[in-house]
Amino acid sequence: MRRVLTALVLGCTASMCTVHAEQAATRPAATSLTRPKSATLPVDARGFIRRWLVLEPVPVPGMLTESAVEEAVQSAMIPGSMDSLPRDSEVVTLRNSSVTWHALDTVNYNLNLYHFAWPLSKPTSNVLFWVTTTVDSPREMHGVRLAIGSNAASRWWLNGERVIALNDDRQTVVDDGVSRRTTLRKGPNVIRAAIVNGGGATDFCARFLDENDQPITGLSISLPR
Amino acid sequence: MRALLLCVAATFALRAHALDGEIAIHDPSTVIASGGRYYTYGTGNGLPVLVSDDGWTWRRAGSLMSALPGAKPGPDVLARGGNNTWAPDVIRVGEKFYVYYSAPATQPRAAIGLLVGRTLDPASPEYKWEDGGPVVWSDGIEDSNAIDPGVLLDPTDGRLWLTYGSYFGYIRLVELDPKTGKRRDGRRAPVNIAVNAEASVLIYHDGWYYLLVTHGSCCVGASSTYNIRVGRARRVTGPYLDNMGIDMLEGGGKLFAGSRGRQIGPGHFGLLDLGEGVQKFSIHYEADLDRGGISVLDIRPLLWQDGWPIAGTHLEAGTYTLESARTGTVLELAVQGTPVGGLRPRRSVGVNGPPPEPRPGPPIADQEATDVAANWPAITDIRLAPAMLQAQQKWTIAPVSGAGGYPGAPYFRITIAGTERSLGATADGELIASAFTGAPEQLWRIDQLTDGSYRISPKAIPGTNESLALSAVGSSMPTLTRFDPSSDRQRWFIRAP
C-alpha cells in the first residue's frame with residue numbers, strides 16, 4: 001500500500017492515482033541535491049556516480065510491464081539524443097511539453113527524482129525521467145559492468161548501446177540491474193537512462209563494477225558546459 | 001563387517017540419481033582423489049579396486065594386493081590375524097599413501113595391516129605396495145575386534161589417528177606416526193571411544209572431532225539394518241557424545257544416514273572434501289533394490305547444520321525454480337511474463353464506496369509454457385526476477401545420459417519446462433537459453449554445498465578452460481563468475497515451484 005500512503009488524495013488506485021508534487025503549495029529545495037560547483041566530480045568511495053543531468057519529468061502512462069515500458073520510452077524519445085549531449089538549462093519539447101535539463105549533484109549514493117521534481121512542482125507519478133552523465137575513465141577497462149538500481153522500471157545505454165532493462169514496480173536496490181561485461185573507453189563514456197515511475201518515490205543509483213565485480217573508483221564525472 | 005561379501009562387478013545403465021558403471025562393492029574405503037582420478041578399495045579377495053575418471057562412472061580395476069608378493073597380507077599380519085582382506089581405508093600423507101586393511105582370522109582375532117605406496121595409478125612405473133606389517137591387532141579374547149580401520153590426519157596439528165573395531169567390544173583409537181604410518185607408541189594403550197559398532201572413522205570440522213560409526217547388521221541384503229551414527233568431541237580422544245549427550249561408549253550416536261527409498265543399509269562413511277565448500281561422503285548400501293539387491297558404492301552431498309553433519313540426498317530430476325541466495329529472485333527467460341491465470345483488472349480500493357467483498361473462485365491452473373510461449377524468441381537472454389510461478393521461471397533439471405559427471409552425480413540439462421530452451425554458457429561468460437544440442441556449455445554440474453544451497457557450473461565454456469559458476473552479479477542479472485565460497489552470489493536454492 002505504499003502508493004496509497006503517499007497519496008494526498010484518498011481513494012485513488014495506484015494506476016489511477018495522479019497525485020503530483022505540484023499539489024503542495026510551498027516547495028523548499030531538497031537537501032539531497034545541489035548545483036555542481038566544480039568542473040568534475042569523482043565517483044565516491046563506493047564507485048557511485050553523483051553528478052547527473054536530469055530532464056524534468058515527462059508524463060507517460062506509468063504501466064511498468066516490459067512492453068509498456070518500451071512504449072513509454074519510445075514515445076518519450078528525444079530526437080537525436082543518442083548523438084549529442086544536453087547541457088544544463090537546455091530546454092527541449094517533448095510530448096508537447098517544454099522540459100528543462102538540470103545539472104545536479106547528489107549528496108547520497110542515489111539521486112532522488114522525487115526530491116528533484118517536487119520543488120519544481122512537477123509530477124512524480126506516471127512519468128518518465130531522462131538522465132545522462134559522462135564518465136571519464138583514465139584508461140581502457142575491459143570486463144566491466146554498469147550496475148544500477150532504479151525505482152521503478154528503467155532502460156540504460158552506455159556509449160549508445162542499450163545495456164540494461166528493468167521492468168515492473170521496484171525499489172532502488174544497489175546493483176539490481178547489471179550489464180553484461182563491456183568495455184569502458186579511455187576518456188569520456190556517456191550513460192543515458194530513462195526511469196519510468198508509476199507512483200510514489202522514485203530514484204536511481206549507478207556505478208561500474210570491475211571484472212571481479214568490485215566497485216570501480218578512480219573515475220570522474222563531467223557534464224557538458 | 002562381520003562376514004565376507006564377494007564383490008561382483010556389474011554394469012548398469014545411467015540412472016537419474018546414483019553412480020554409474022561398475023559400482024558393486026562392500027565396505028568401501030574413503031574415496032580418494034589422485035592424479036585426476038578417484039579410487040576406492042573394498043572387501044574381497046586381495047582388496048578389489050574401483051576407479052573413476054570423473055567420480056561418476058566407475059570401473060573395476062583388479063585388486064590392490066595383486067601388487068604384493070603372493071598377493072596376500074605379509075607374514076606378520078597373517079600371524080596376528082588371518083588370511084582375509086576386508087574393509088580398508090586409505091589416506092595420503094605427504095608423498096605417501098597408506099592403506100590400512102582388515103585381516104581377520106576367526107573373529108574377534110584379527111589384525112589391521114598397513115600397505116605403503118607412492119601412487120594409486122597402476123599404470124605408473126612407480127606403482128607398488130610395500131607391506132608395512134600389522135599396526136594393531138586383537139587376540140580373540142580382549143573386548144576388541146581389530147578390523148574396519150578408519151584414519152584421520154588431523155588438520156589442526158598434523159597428527160595421524162586410527163580408529164578400528166567391530167562389535168566385539170570397543171571402537172578404539174591409536175595414534176600413528178605420519179612418517180611411517182605405523183603406531184607412534186605401541187606401549188601406549190588404545191583409547192576406547194565407542195562400543196558395539198563398526199566402520200568407524202573420524203573427521204574434523206570447525207573445532208569438533210566427529211566419530212562416525214555404523215550400527216546394525218550387514219551382509220543380509222535387504223534385511224540388513226546398517227545405519228550410520230555420529231557423535232562429537234572437542235578432543236580427538238573423546239568423549240564422543242551424541243545430540244542427546246549420550247556417550248558413544250554407552251551406545252550413543254545421532255543418526256546420520258539410514259535406509260531411504262530403494263537403497264537399504266548405508267554403512268562405511270568416508271569423507272570426500274572437494275574444497276570450496278563442497279563436501280561429499282562415500283558409503284555403500286547393503287542392498288540397492290534397483291540393482292538386484294547387491295551392495296553398491298554411492299557418493300552423496302555432506303551438509304552441516306547446527307554443528308552436526310547431515311546426509312544430503314541426490315538431486316532428483318524434476319521441475320524447479322532456481323533461486324538466488326543473494327537476492328531471493330529466480331532465474332528466468334528474459335521474456336515478458338504473463339500473470340498466472342491471465343491479466344486481471346486491478347482490485348478497487350473503494351473510490352466510490354467500500355470495495356466489493358472478494359469472493360473465492362475455483363483454483364487457478366498452473367501456467368504451462370504452451371499457454372504463453374508462442375511469441376518467445378528461440379534464443380533468449382537470462383535474467384533474475386521475483387518468483388511468480390510463471391512458465392519462464394520453471395526449469396526442468398534432468399540428467400544427460402552418456403555425458404559423464406563428477407563425484408556423485410551426472411551432468412544435467414536445465415531446460416524451461418515444456419520447451420527445448422536450455423540454459424547455456426556463452427563464450428563471453430554470460431548466459432542464454434537456446435535449443436538443446438548436448439554441447440558442453442549446455443551441460444551443468446550441480447554440487448550441493450555444505451549449507452544446503454547449490455553451486456551450478458557449466459561443464460565447459462566455449463573458448464576457455466576457466467571454471468565458472470552461475471552467479472547473481474546483480475539482483476536482476478545472472479552471469480558466470482569464479483566461485484567464491486564466502487559469497488552468496490554463487491549460491492542457489494533449487495526449490496519446487
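This briefing describes the cores, strands, cavities and pockets of the structure shown above.

The structure is a predicted model, in which local features need pLDDT of at least 70 and side-chain atom pairs count only at pLDDT 80 or more, while totals for chains, interfaces and linings use all residues. Residues are numbered from 1 along each chain as its sequence is written, chains are lettered from A and ligands numbered from 1 in the order in which they are written, and side-chain values use heavy atoms, with hydrogens and water left out.

**Chain A**

- Chain A holds three helices and 16 strands, where helices (H or I, at least four residues) and strands (E, at least two) are DSSP runs numbered from the N terminus.
- Of the 225 residues of chain A, 55% count as buried; buried means under 20% relative accessible area, exposed over 50%, and partly exposed in between, with a 1.4 Å probe and protein chains only.
- Among the contacts in chain A with a separation of 6 or more, 80% are accounted for by residues 24 or more positions apart, a contact being heavy atoms within 4.5 Å.
- A:Asn96 is found in the loop between β5 (91-94) and β6 (97-106) of chain A, and A:Asn96 counts as exposed because its relative accessibility is 79%.
- From C-alpha to C-alpha, A:Asn96 and A:Leu184 are 36 Å apart in space, and they are 88 residues apart in sequence.

**Nonpolar cores**

- The largest nonpolar core has 39 residues, of which B:Trp376, B:Trp395, B:Ile397, B:Ile414, B:Ile446 and B:Ile456 touch the most other members; a nonpolar core is a set of buried Ala, Val, Leu, Ile, Met, Phe, Trp, Tyr and Cys residues joined through side-chain atoms within 4.5 Å.
- Strand β28 (residues 412-416) of chain B gives the most to this core, with three residues.
- A second, separate core of 33 residues includes A:Ile49, A:Leu111, A:Val127 and A:Leu184.
- Leaving aside neighbours within four places in sequence, the contacts of B:Ile446 include B:Leu315, B:Ile397, B:Phe412, B:Ile414 and B:Ile456.

- Strand β25 (residues 395-399) of chain B is joined to strand β22 (residues 318-324) of chain B by three bridges, and the two run antiparallel; two strands pair if DSSP finds at least two bridges between them.
- B:Gly318 stands opposite B:Ile397 in β25(B).
- β25(B) also pairs with β28(B) in the antiparallel sense over five bridges, and there the bridge partner of B:Thr396 is B:Thr415 in β28(B).
- B:Ser457 has its place in strand β32 (residues 454-458) of chain B, and B:Ser457 counts as buried because its relative accessibility is 8%.
- Not counting residues up to four places away in sequence, B:Ser457 touches B:Leu443, B:Trp444, B:Arg445, B:Leu468 and B:Ala469.

- β6(B) and β7(B) run antiparallel and are joined by six bridges, with B:Arg92 standing opposite B:Phe97 in β7(B).
- These two strands form a hairpin with two residues between them, and B:Gly94 in the turn has a positive phi of about 65°.
- Eight bridges join β7(B) to strand β8 (residues 109-117) of chain B, in an antiparallel arrangement, and the two form a hairpin with four residues between them.

**Cavities and pockets**

- The structure holds two cavities of 30 Å³ or more; on a 1 Å grid over the protein atoms alone, a cavity is a set of points where a 1.4 Å probe fits but cannot get out, a pocket is an open set with protein on both sides within 12 Å along at least five of seven lines, and lining residues have an atom within 4 Å of a point.
- The second largest cavity has a volume of about 100 Å³, a volume being the space filled by probe spheres set on the grid points, which are joined across faces, edges and corners.
- Of the 15 residues that line the second largest cavity, B:Pro28, B:Asp89, B:Pro149, B:His268 and B:Phe269 lie nearest its centre.
- About 550 Å³ of space lies in the second largest pocket, and the largest share of its lining, six residues, comes from β18(B).
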